[in-house]
Amino acid sequence: MSSSRFLKLMAQNKSAWKAGLAVVTVGVTFKVTYFNFSRGVLVDHMDARHLKATENLKDARQFGIKMAKDREERAPPLTPEQREQLHEYLRLMKRTQPDVYPKETGRFD
């Protein structure tokens, strides 16, 4: 009984059902279109940012290498006494801060 009643109501409100279906269809279409558009914009923006960041990183590394060479060229060589003092300092730092100066490296023992 109730199903025939529902079918009767549905037949009477056919235009309302069509309007509701149209609203849902338009909403889904808009949502999918907007998602694809915004995703494209975000991906393009992130690609541009990544390329710029990669270029800046490369420039920073080259600058670091250049400055290290410049610093090495301008610094006077260490005397044997200074070299021994430096090694003693590094051994002390390795004992007091083992997480910064790991024990696996036997360079200054």
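Author: Trp17 lies in helix H2, residues 14-74. The model is a predicted one, in which local features need pLDDT of at least 70 and side-chain atom pairs count only at pLDDT 80 or more, while totals for chains, interfaces and linings use all residues. Residues are numbered from 1 along each chain as its sequence is written, and side-chain values use heavy atoms, with hydrogens and water left out.

Reader: What makes a stretch a helix, and how many helices are there in the protein?

Author: Helices are DSSP runs of H or I with at least four residues, strands are runs of E with at least two, and both are numbered from the N terminus. The protein has 3 helices and 0 strands, in the order α-α-α from the N terminus.

Reader: What makes Phe6, Leu7, Met10 and Trp17 a nonpolar patch?

Author: A patch is made of residues with over 30% relative accessible area and no salt bridge; nonpolar side chains (Val, Leu, Ile, Met, Phe, Trp, Tyr) are joined within 5 Å, and like charges within 9 Å. Phe6, Leu7, Met10 and Trp17 form such a patch on the surface, with about 440 Å² of accessible area together; areas come from the Shrake-Rupley method with a 1.4 Å probe, and for residues only the protein chains shown count as cover. Helix H1 (residues 2-12) gives the most to the patch, with 3 residues.

Reader: How do you know which span is expected for helix H3?

Author: The expected span is 1.5 Å times one less than the number of residues. Helix H3 (residues 80-96) has 17 residues and reaches 24 Å from its first C-alpha to its last, close to the 24 Å expected.

Reader: Which residues of H3 are buried, and why are they said to be on the same side?

Author: Buried means under 20% relative accessible area, exposed over 50%, and partly exposed in between (1.4 Å probe, protein chains only). In H3 the buried residues are Leu90, Met93 and Lys94. They cover an arc of only 100 degrees around the axis, which puts them on the same side of H3; the arc is that of the directions from the helix axis to the C-beta atoms. The face turned away from the buried side carries the exposed residues Pro80, Glu81, Arg95 and Thr96. Of the 109 residues of the protein, 3% count as buried.

Reader: Why is the contact between Glu84 and Arg91 called a salt bridge?

Author: A salt bridge is a side-chain nitrogen of Lys or Arg within 4 Å of a carboxyl oxygen of Asp or Glu. The closest N and O atoms of Glu84 and Arg91 are 3.1 Å apart, so the pair qualifies. Glu88 also bridges to Arg91, at 3.4 Å, and to Arg95, at 3.9 Å. Shared partners join Glu84, Glu88, Arg91 and Arg95 into one network.

Reader: Why is the pair of Phe30 and Tyr34 called stacked?

Author: Rings of Phe, Tyr and Trp (its six-membered ring) pair if their centres lie within 6.5 Å; planes under 30 degrees apart count as stacked, over 60 as edge-to-face and the rest as tilted. A search of the whole structure finds 1 aromatic pair. The ring centres of Phe30 and Tyr34 are 6.1 Å apart and their planes stand at 15 degrees, so the pair is stacked.
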